[in-house]
Amino acid sequence: MITKQKIRKVLVANRGEVATRIIRSCKELGIKTVAIYSEVDANGIWVKKADEAYMIPGDPIKAYLNFYKIVDLAKQTRCDAIHPGYGFLSENADFAEYCERKGLIFIGPKPEHIRLFGDKIASKRAMREVGVPVLPGTIEPITDIEEAKRIAKEIGFPVIIKAAFGGGGRGMRIVEREEDFEELFKSATVEAEKFFGKGDVFIEKYVKNPRHIEIQILADKYGNVIHLGERDCSIQRRHQKIIEIAPSPRLNPEVRRELFRVAVKSMFKLGYESAGTLEFLVDEDDNFYFIEMNTRLQVEHTITETITGVDIVQRMIRIAEGEKLSFLQEDINFRGYAIEFRINAEDPTKNFAPSPGKITSYYSPGGPGVRIDAAVYKDYIIPPYYDSMIAKLTVWALTWEQTVNRARRALEEFQVRGVPTNLPLLRQVVRDKDFMEGRFDTSYLDKKLPTFKLKPKDESPEDLAVVIAAAIAAYHRV
Ligand code: MV4
């Protein structure tokens with residue numbers, strides 16, 4: 001028996017642009033919001049936009065992970081629900097369970113699915129059982145190194161070793177030759193243990209230069225499951241997505257149809273609820289393989305919203321209230337292309353090292369087909385404790401070529417001073433012939449970075465004068 005419960009007030013258990021994003025959707029639905037913030041985030045935009053805001057003192061990161069305090073606050077402020085956003089507690093099954101136990105609606109999937117997909121071995125097993133193609137490899141944790149080596153030889157090198165509870169590339173090793181296996185197996189296990197508290201690793205056939213294609217799913221509590229298309233997330237640097245695109249400009253239509261079918265059918269069979277994203281690798285022969293599932297709203301959900309017109313945050317809330325999906329698959333239209341650019345406070349001249357500090361001037365682009373999701377402004381001080389993303393630029397147009405041209409224009413307009421950003425990199429990508437022709441896979445940035453000139457484009461005349469003066473002084477010193 002599914003109970004319907006109206007959500008009138010939501011605690012947003014996150015910060016920055018995603019907290020702002022959730023508050024915006026709540027406002028449109030007439031839902032009150034409670035924000036939380038750490039001591040260093042007192043000037044955050046989301047703090048001002050929420051109906052109520054409460055500081056959680058102490059460690060700036062633990063503030064967003066302290067789920068007893070967060071749930072207590074939600075109860076004290078008479079919230080009906082909590083939205084976790086992405087990162088922090090968004091894929092913590094214990095948190096989701098604790099919310100439910102304390103009578104709060106967790107706006108997200110069921111805890112059992114958060115737990116299942118948090119274990120990459122169990123999730124591969126479960127997805128294989130419901131007919132989803134997975135890569136050849138082990139689907140049990142493996143600790144005996146001789147057995148692991150035997151399996152690797154059976155699969156055939158190159159293989160990849162992955163952490164069962166990993167993410168972001170940690171605990172991952174590509175093994176090209178048998179003689180390297182033992183050392184890499186051990187280092188993957190040690191790293192997995194160090195970063196995730198569990199050293200379980202598994203082995204898969206390594207797919208060379210795959211494309212990274214993910215499928216957005218929405219599922220209600222009545223077995224209605226739809227997809228909202230795919231996103232091409234191949235342009236990554238060290239497992240950090242930089243540019244995401246919907247739809248993929250070069251995905252074979254038959255592969256697309258099969259990905260959609262497999263994604264929807266598997267989620268129906270598993271009884272999944274809420275938003276979710278299935279990640280696949282597509283190899284050079286157009287074979288695709290499930291690798292992992294994200295049981296949360298994703299950073300790049302904006303491009304899917306832009307080409308479908310669906311507000312994914314609002315759909316998550318309605319599903320959590322026990323509402324049926326208000327549309328069928330055939331009601332979903334895909335129009336045009338969208339590209340999301342992650343604007344990061346990182347220094348491209350220093351190997352993209354995070355560059356927190358004060359933004360002394362900030363101008364974000366606008367005009368037709370431009371969306372900005374950000375929580376920064378002139379004189380905002382970017383704290384060093386959180387990830388380096390300061391804004392997301394989403395650009396839309398009807399054709400791929402128009403979208404790339406619009407992206408060029410918008411990136412030229414975008415101006416951030418006071419801290420280095422990756423804007424110079426993004427501006428080079430949208431001028432790159434391979435990118436413009438949709439010729440990219442996960443190796444794209446590794447190949448292109450050495451060819452890009454990454455001095456900041458908008459060096460101010462003052463900066464230039466300093467450089468010239470230094471050069472003249474140096475000249476006269478020799
Ligand atoms: C792979 C792979 C090739 N073969 N698995 C998994 C987590 C995600 N962040 C990247 N993952 C990959 N899994 C198999 N069997 C390639 C990737 C991958 C990747 C791997 C190493 C370095 C950079 C990468 C960028 C995108 C995808």
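**View 1. Composition of the shell around the ligand in the predicted model.** The shell residues comprise eight nonpolar, three polar and four charged; Ala, Val, Leu, Ile, Met, Phe, Trp, Tyr, Cys and Pro count as nonpolar, Asp, Glu, Lys and Arg as charged, and the others, Gly among them, as polar. In total, 15 residues surround the ligand, with Leu135, Lys162, Glu204, Lys205 and Val207 the closest (a heavy atom within 4 Å of the molecule). This is a predicted model in which local features need pLDDT of at least 70 and side-chain atom pairs pLDDT 80 or more, whereas totals for chains, interfaces and linings use all residues. Residues are numbered from 1 along each chain as its sequence is written, and side-chain values use heavy atoms, without hydrogens or water.

View 2. A polar side-chain atom of Glu204 lies 2.9 Å from a ligand nitrogen, and a polar backbone atom of Lys205 is 2.8 Å from a nitrogen atom of the ligand. For His239, a side-chain N or O atom is 3.2 Å from a nitrogen atom of the ligand. Of the 530 Å² of accessible area that the ligand has on its own, the protein covers 87% (Shrake-Rupley method, 1.4 Å probe).

**View 3. Strands and domains at the ligand.** Strands E6 (159-163), E8 (201-205) and E13 (288-294) each supply at least two shell residues; strands are DSSP runs of at least two residues, numbered from the N terminus. Because domain 2 (136-205) and domain 3 (211-451) both give residues to the shell, the ligand lies between them. The domain bounds come from an automatic or database assignment. The C-alpha centres of domain 2 and domain 3 are 29 Å apart.

Methods. Polar contact = N/O pair within 3.5 Å; in protein donor to acceptor, adjacent residues only side chain to side chain. Helix = DSSP H or I, 4+ residues; strand = E, 2+ residues; numbered from the N terminus.
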